[in-house]
Amino acid sequence: MIRFIFFFFLFLNSLTSFSQDVIHTAILPNSMFIASASLQRMDIFSGFTYQKNFNRIDVGASFNLGLRSTFGAQQLYSQFGSYLTIPLIQQGAKKRDFSFGPMLGVHASFLNIGNKLRQYDILLGYSMYCGRTKGNLKFFHQAGLGPFAEYFRTSTNTLVQSYTLNYHLIIGLAYAIY
């Protein structure tokens, strides 16, 4: 009988007490500054991104310059973008941080050659970052695919519209702020 009471209280104690694993107690970054390079259908872009975490959703805003057009052809080719990521896998461990989830991004690009060329795309893909917990530098990666729209006026002032698919492959180095 005494054994039964002992094991019964031991069982009740296991239901009412808990302990937290080290994996779940680590703090993940609140925001990140990211320097990145992006391979796209129209050009290779390089620029900066700011990402902020809002209660389980990462929101980012970016500014990029097209390298071939801006520096090769001496035409300013700017791109503004924004994205939302829902980190489905988010882990802060004792030695490493890791985050992975689906991403929805929107970009607008402008190239000033004669009549202005405007390009817009919507991307669906994934976003991830990983790095050491104690360090502030993280590896950053995004990839996406989606519709692409291009608008410009010809020399006879007729509007030309083109629609196709675009892809983004982005790699970068992020500085995390906790």
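Guide: Before the cavities, a definition: on a 1 Å grid over the protein atoms alone, a cavity is a set of points where a 1.4 Å probe fits but cannot get out, and its volume is the space filled by probe spheres set on the points. Please also keep in mind that this is a predicted model.

Visitor: Which residues are closest to the centre of the largest cavity?

Guide: Thr49, Ser62, His107, Gln142 and Ile170 are the closest to its centre, out of 13 residues that line the largest cavity. The elements that give two or more residues to this lining are strand S1 (31-40), S2, strand S3 (57-66), strand S6 (96-113) and S8.

Visitor: And which element gives the largest share of that lining?

Guide: That is S1, which supplies three residues to the lining of the largest cavity.

Visitor: Let me step back a bit. What pattern does the chain follow along the sequence?

Guide: The protein chain has three helices and nine strands, and reading along the sequence gives the pattern α-α-β-β-β-α-β-β-β-β-β-β. Of its 178 residues, 36% count as buried, while the chain exposes about 11,200 Å², of which carbon and sulfur atoms supply 67%.

Visitor: What about contacts between residues at least 6 apart in sequence: what percentage join residues at least 24 apart?

Guide: Within that set of contacts in the protein chain, 55% join residues at least 24 apart.

Visitor: Now the rings. How many aromatic pairs are there?

Guide: The count comes to eight aromatic pairs. One of them is formed by Phe45 and Tyr77, a tilted pair with 5.1 Å centre to centre and 50° between the planes. This pair links distant parts of the chain, with Phe45 in strand S2 (residues 44-54) and Tyr77 in strand S4 (residues 77-85), 32 residues apart.

Visitor: Why does Phe45 count as buried?

Guide: Phe45 counts as buried because its relative accessibility is 0%, where the cut-off for buried is under 20%.

Visitor: How are the planes of Tyr151 and Tyr163 arranged?

Guide: Tyr151 and Tyr163 form an edge-to-face pair, with 6.1 Å centre to centre and 85° between the planes. Tyr151 lies in strand S8 (residues 137-153) and Tyr163 in strand S9 (residues 159-177), so the pair ties together parts that are twelve residues apart in sequence.

Visitor: Is each of those two buried or exposed?

Guide: Tyr151 counts as buried at 18% relative accessibility, whereas Tyr163 counts as exposed at 53%. Both residues belong to one aromatic cluster, together with Phe63, Phe80, Phe110 and Tyr120.

Visitor: Last topic: which side chains make polar contacts with the side chain of Gln51?

Guide: The side chain of Gln51 makes a polar contact of 2.7 Å with that of Tyr83, and another of 3.4 Å joins the side chains of Gln51 and Asp58. Gln51 lies in strand S2 and, at 6% relative accessibility, counts as buried.

Visitor: What else is Gln51 in contact with, leaving aside its neighbours within four places in sequence?

Guide: Besides Asp58 and Tyr83, the list for Gln51 includes Asn30, Ser31, Met32, Ile34, Val59, Gly60, Tyr129 and Phe140.

Conventions
Residues are numbered from 1 along each chain as its sequence is written. This is a predicted model: local features need pLDDT of at least 70, side-chain atom pairs count only at pLDDT 80 or more; totals for chains, interfaces and linings use all residues. Side-chain values use heavy atoms; hydrogens and water are left out. Helices (H or I, at least four residues) and strands (E, at least two) are DSSP runs, numbered from the N terminus. Buried means under 20% relative accessible area, exposed over 50%, partly exposed in between (1.4 Å probe, protein chains only). Contact means heavy atoms within 4.5 Å. Accessible areas come from the Shrake-Rupley method with a 1.4 Å probe; for residues, only the protein chains shown count as cover. Rings of Phe, Tyr and Trp (its six-membered ring) pair if their centres lie within 6.5 Å; planes under 30 degrees apart count as stacked, over 60 as edge-to-face and the rest as tilted. A polar contact is a pair of N or O atoms within 3.5 Å; within protein, one must be able to donate a hydrogen and the other to accept it, and residues adjacent in sequence count only if both atoms are side-chain atoms. On a 1 Å grid over the protein atoms alone, a cavity is a set of points where a 1.4 Å probe fits but cannot get out, and a pocket is an open set with protein on both sides within 12 Å along at least five of seven lines; lining residues have an atom within 4 Å of a point.
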